[in-house]
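This report goes through the sheets and helix contacts of one model. Please look at the sequence and the structure below before reading on.

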Amino acid sequence: MSRTTELSSAGNRVNPGGVASSERKVDVSTSSKQEPVWAIEFKKICKSFGAFRVLVDLDLKVQPGEKVTLIGPSGSGKTTVLRLAMTLAKPTSGDIRIFGESILFDQAGTLLSSAEEARIRRRCGMVFQQFNLFPHLTVLQNLILAPTTVLKQSKAEAKESALRYLRMVGLEGKVDAYPAQLSGGQQQRIAIARALVMKPEILLLDEITSALDPEIAGEVLDVVRRIARESGVSMLIVTHEMRFAREVSDRIAVFDGGRIIEQGTPEKIFISPESERTRSFLQSVLNH
């Protein structure tokens, strides 16, 4: 990704299309030792495309090991949150910290180098709506590519890890298959295994069943349920699958118009929501 961004002197503002400047300073306070270290923390995040405000003053914290699901109408900013966490997009203002480290600024308040940004970002893994497997590589080759090139693992170590996660997603028998030989559900389960072989501490899941038929989607969601139940990885999930959200989440955040309008336990959100907008959204999606 090009780092053609410029920080405005008025706060932590990032203006796409500018020129990167390592000399321009911003006021970035470091975390106090007494404060908890969140797995991921979004601090006063705003994101705009021209006059359109996608996110407005977002404050969101996820504890280590916590499973948090973002729900809300399409276009409310949920996917943008995940893209910002993976540095696939830059916020217009605010800061994002992963286990206490900003993915935008160093301790002096200057823009991170690409290498430092990549180092911190590797603590996250993301599974997208589309599977994005390399069509010319086998399943095993897809899984060992990043561990051998990015993590510098030996092929033997990477293969051992790949086979372990293929067993987890129930596809250990597909090591020599090519993506075109797999169903959509199988490809998405491979994509989940590919994210896990990088040993992420935070797993980001963006509408991972939106391109799948309901029966096949259920197989993928069962894999995610197992990961949520058996692993200590933090999870930030965007989904329209309300039953799945209720079952897998420790906390649910409801988005509307680029803001969190309500958050709480699944029981609170689904049984006794405080916001009329939450009630109308849930009534709409649960009745279809």
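## Terms and basis

Contact means heavy atoms within 4.5 Å. Helices (H or I, at least four residues) and strands (E, at least two) are DSSP runs, numbered from the N terminus.

The model is predicted, so local features need pLDDT of at least 70 and side-chain atom pairs count only at pLDDT 80 or more, while totals for chains, interfaces and linings use all residues. Residues are numbered from 1 along each chain as its sequence is written, and side-chain values use heavy atoms, with hydrogens and water left out.

## Helix α3 and helix α5

Val139, Asn142 and Leu143 of α3 are in contact with Ile190, Ala193 and Arg194 of α5. By class, this contact has four nonpolar residues, one polar and one charged (Ala, Val, Leu, Ile, Met, Phe, Trp, Tyr, Cys and Pro count as nonpolar, Asp, Glu, Lys and Arg as charged, and the others, Gly among them, as polar).

The axes of α3 (residues 139–149) and α5 (residues 184–196) come within 8 Å and cross at roughly 25°. α3 is therefore roughly parallel to α5 (angles under 35 degrees count as roughly parallel, over 145 as roughly antiparallel, 65 to 115 as roughly perpendicular and the rest as oblique). Axes are lines fitted to C-alpha atoms, for helices over the stretch in contact, and angles run from 0 to 180 degrees between N-to-C directions.

## Helix α3 and helix α4

With α4 (residues 155–168), the axis of α3 crosses at roughly 125°, and the two axes come within 9 Å. That angle makes α3 oblique to α4. The residues of this contact divide into eight nonpolar, one polar and two charged. On the α3 side they include Leu140, Ile144 and Pro147, and on the α4 side Ala158, Ala162 and Leu166.

## The four-stranded sheet

An open sheet has the strand order β4-β3-β6-β7, with antiparallel pairing (two strands pair if DSSP finds at least two bridges between them). β4 (52–62) and β7 (101–102) are at the edges with a single partner strand each, so one side of each has no neighbour in the sheet.

Inside this sheet, β3 (residues 40–49) and β6 (residues 93–98) are joined by five bridges. Cys46 has Ser93 in β6 as its bridge partner.

## The six-stranded sheet

A second open sheet runs β8-β9-β10-β5-β11-β12, with mixed pairing. Its edge strands are β8 (124–127) and β12 (259–264). β8 pairs with β9 (residues 202–206) in the parallel sense over four bridges, and Gly125 has Leu203 in β9 as its bridge partner. Helix α5 packs on this sheet, touching β8 and β9, at about 175° to the direction of β8.
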